[in-house]
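Look at the two chains shown here and follow them in turn. The paragraphs below go from the inside of one chain to the place where the chains meet.

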2 protein chains.
Amino acid sequence: MITLEKIGSDAKKASVSLACAGSAKKNAALSAMARAIRENSAYIIEKNAEDIASARGNIKDTLIDRLTLDEKRINAMADGIEAVVSLPDPIGEGLGSHIRPNGLKIEKIRVPLGVIAIIYEARPNVTADAAALTLKSGNAVILRGGKEAIRSNKAIVDIMRGAIEKEGIDPNAISLIEDTSRETATALMRLNKYVDVLIPRGGAGLIRSVVENSTVPVIETGTGNCHIYVDSICDLDMAAEIVYNAKCSRPSVCNAAESLLVHKDVAEIFLPYVKEKLDGKNVEIRGCERTAKIIPCVAATDADFYTEFLDYIISVKIVDSLDEAIEHINEHGTKHSECIVTSSYENSREFLSRVDAAAVYVNASTRFTDGGEFGLGAEIGISTQKLHARGPMGLEELTTVKYCVYGNGQIR
Amino acid sequence: MITLEKIGSDAKKASVSLACAGSAKKNAALSAMARAIRENSAYIIEKNAEDIASARGNIKDTLIDRLTLDEKRINAMADGIEAVVSLPDPIGEGLGSHIRPNGLKIEKIRVPLGVIAIIYEARPNVTADAAALTLKSGNAVILRGGKEAIRSNKAIVDIMRGAIEKEGIDPNAISLIEDTSRETATALMRLNKYVDVLIPRGGAGLIRSVVENSTVPVIETGTGNCHIYVDSICDLDMAAEIVYNAKCSRPSVCNAAESLLVHKDVAEIFLPYVKEKLDGKNVEIRGCERTAKIIPCVAATDADFYTEFLDYIISVKIVDSLDEAIEHINEHGTKHSECIVTSSYENSREFLSRVDAAAVYVNASTRFTDGGEFGLGAEIGISTQKLHARGPMGLEELTTVKYCVYGNGQIR
């Protein structure tokens with residue numbers, strides 16, 4: 001098996017040539033990747049079936065579903081790669097230049113990050129998504145997926161490497177770590193010599209482990225304990241629609257709502273009304289003491305208000321004021337997506353300015369925090385940290401800058 | 001003594017109000033800080049003298065010099081704070097907005113990072129510099145300076161806190177960790193709940209320790225193993241001036257040159273010529289074998305080519321080609337500042353595009369990599385990593401973004 005050191009050094013070398021490859025060549029390689037994935041779908045499905053056979057009984061059925069690839073999902077994967085072809089290439093973009101009094105011209109340009117490592121779980125479609133976005137932005141990628149998907153991932157990576165090599169791109173621009181042990185993951189987190197950035201994609205446990213153990217710079221993604229705050233003056237119908245949508249349209253994703261805060265003045269009318277809607281999906285309500293006096297519910301613990309349920313469960317708290325809502329959110333939230341439903345101009349301004357999160361909403365579902373919905377075209381994840389990128393990360397977020405300084409003998 | 005947890009939580013609280021403080025209030029606070037530092041210079045000098053008395057004999061004389069404050073240096077500190085007043089406030093700047101087909105308006109705005117921690121060594125002027133830049137950019141700061149400067153730092157921080165409090169700003173916007181043990185530094189590196197970003201400022205050892213131990217996102221700064229490559233076709237007078245300036249004008253700083261690469265075609269003429277110049281400052285030359293055949297020098301070890309000497313020492317290597325120069329730099333450099341001296345258009349393009357560093361120079365001294373010289377007005381450090389910021393970091397680099405999403409009931 002190839003050592004991690006070798007994978008890193010090969011990826012670094014590939015990143016240098018890829019950085020100068022130009023859009024036409026990168027787009028040709030992406031198109032070839034998509035084509036090769038379609039042409040080899042039978043092989044991918046065969047390898048995927050082996051993964052599923054070996055995983056069955058060991059992991060939950062919902063995870064088996066995420067792991068499974070069929071013709072339709074493989075086509076979606078190829079469509080995804082082709083969509084990246086049509087996105088503008090961020091590399092080389094001038095971000096401004098100026099001439100200093102001493103005649104030095106200083107130009108700031110957008111360049112690739114270099115080598116991006118991605119640690120993820122059992123979704124093989126991430127393999128193709130991540131490779132497409134990193135290649136388009138001129139970066140080499142080192143992929144480390146979950147052990148359940150290793151045969152599928154290897155099939156997809158082999159196909160993509162073959163395709164880009166034919167287009168004259170170093171196949172080490174896309175590498176897969178085949179050893180899925182915890183040790184290699186930890187070693188990857190400390191491969192500072194070769195890896196410029198590490199992006200974990202997965203559950204809270206994975207993210208925490210990466211943040212704890214990594215010495216490579218990390219972009220934290222995806223944990224979303226998102227709130228909807230229903231203000232004292234607002235359209236209660238709209239509020240109920242938004243709560244229902246944010247909780248129930250896809251409970252397993254990070255931009256789903258996990259907690260509902262209701263102003264005391266509207267709680268008695270609103271809570272029974274929204275409960276009726278949520279009952280349609282058998283949503284379990286974990287309410288504070290005051291909530292329990294208005295609607296039947298499970299008694300919420302303090303921990304519930306910190307929990308991303310990713311399920312048909314919602315915590316509910318009655319608050320006395322906008323201030324209390326904002327403070328509760330800033331204390332319990334994960335800085336992902338937070339929403340106020342209000343008809344008050346002043347309260348909307350206050351909420352937007354004081355809530356500390358990647359995306360702060362007035363009168364819309366938190367479910368829109370997404371690269372596609374924000375108009376970025378595609379996303380590699382949603383950053384919940386503040387360094388480098390915040391919110392949905394598209395191609396630009398996979399770049400850094402370089403200062404080019406043009407002189408004619410200036411000394412200091 | 002106040003616990004670190006308490007310092008963190010107080011700083012976080014202060015950061016929330018500071019984020020909404022507005023330029024006028026922040027500028028008034030900065031002016032008050034500068035004034036108070038001038039008015040209390042005698043007190044600062046008294047406390048500084050205690051630091052010096054206790055440090056003498058324990059640290060090198062050059063460090064004693066860095067530690068020492070006199071009337072002139074204190075005025076320079078106050079001048080620095082006043083210079084920050086006149087810089088534009090980055091907070092609230094709109095970075096674009098658009099309306100999605102569903103009517104959602106998505107606006108991206110610049111907001112403070114929140115709480116910035118700074119770990120630094122024995123230079124008390126960093127205390128005032130860092131506090132001014134973080135306050136102007138709406139961030140709370142937690143300062144952890146070296147133990148040698150603790151009395152000076154405490155005096156400066158007390159004075160600044162008093163000044164901003166009178167201007168209605170929460171004094172916890174500027175905090176100093178008075179316990180200078182290694183344990184509190186390590187605990188600060190893991191204070192993820194309250195600290196958004198950690199910026200280490202100091203020598204390679206400090207930076208490495210922070211990168212190794214921190215779970216808080218870090219911006220790595222300042223290690224500079226900078227190269228000057230003298231190409232086969234170039235103005236050799238200019239090359240010698242640039243080498244001399246980059247090495248000798250201030251050898252102890254990160255943008256000083258540490259290594260000279262010379263194309264074989266010009267080595268026989270250039271090396272004796274540049275040596276004569278460098279001899280004027282008794283620069284020790286550590287040369288490769290081929291260099292040793294042309295000029296007298298110490299034999300360079302492999303390690304020398306990886307070393308940031310920060311002294312009157314330079315490593316010298318003869319290379320056969322531009323390619324070899326670029327590869328050597330990408331292998332041995334620290335991605336800080338790299339320079340080619342050339343008269344070839346093609347070679348300048350090649351060097352600019354393939355050398356992986358924050359600042360890449362053609363025909364100018366690397367000593368210009370600096371916030372002031374780049375026209376940023378001030379800097380908090382020079383990032384040598386690629387995430388978030390690269391090169392000199394000014395006020396904008398102390399900010400992040402927030403998406404404000406304006407809806408009228410959109411659900412997904």
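Two strands are said to pair if DSSP finds at least two bridges between them. Helices (H or I, at least four residues) and strands (E, at least two) are DSSP runs, numbered from the N terminus. The model is a predicted one, in which local features need pLDDT of at least 70 and side-chain atom pairs count only at pLDDT 80 or more, while totals for chains, interfaces and linings use all residues. Residues are numbered from 1 along each chain as its sequence is written, and chains are lettered from A and ligands numbered from 1 in the order in which they are written.

Start with strand 3 of chain B, residues 115-120. This strand pairs with strand 4 (residues 140-144) of chain B in the parallel sense, over five bridges. B:Val115 has B:Ala140 in strand 4 of chain B as its bridge partner. Strand 3 of chain B is also joined by five bridges to strand 6 (residues 197-201) of chain B, and these two run parallel. Here the bridge partner of B:Ile116 is B:Val197.

Between strand 3 and strand 4 of chain B comes helix 6 (residues 125-136), and the three make a right-handed β-α-β unit. Right-handed means that, with the strands pointing away from the viewer, the path from the first strand over the helix to the second runs clockwise.

How many of the six residues of strand 3 of chain B are buried? Six of the six are, so the strand is largely enclosed by the rest of the structure. A residue is buried if 20 or more other C-beta atoms, placed from the backbone, lie within 10 Å of its own. In a regular strand the side chains alternate between the two faces of the sheet. In strand 3 of chain B, B:Val115, B:Ala117 and B:Ile119 point one way, and B:Ile116, B:Ile118 and B:Tyr120 the other way.

Now turn to where the chains meet. Contact (C-beta atoms, placed from the backbone, within 7 Å) links 54 residues of chain B with 54 residues of chain A. On the chain B side, strand 16 supplies the largest share, 11 residues. Strand 16 (residues 399-410) of chain A pairs with strand 13 of chain B in the parallel sense over five bridges, and A:Tyr406 stands opposite B:Val362.

Note on methods. Contact = placed C-beta atoms within 7 Å. Buried ≥ 20, exposed ≤ 12 C-beta atoms within 10 Å, placed from the backbone.
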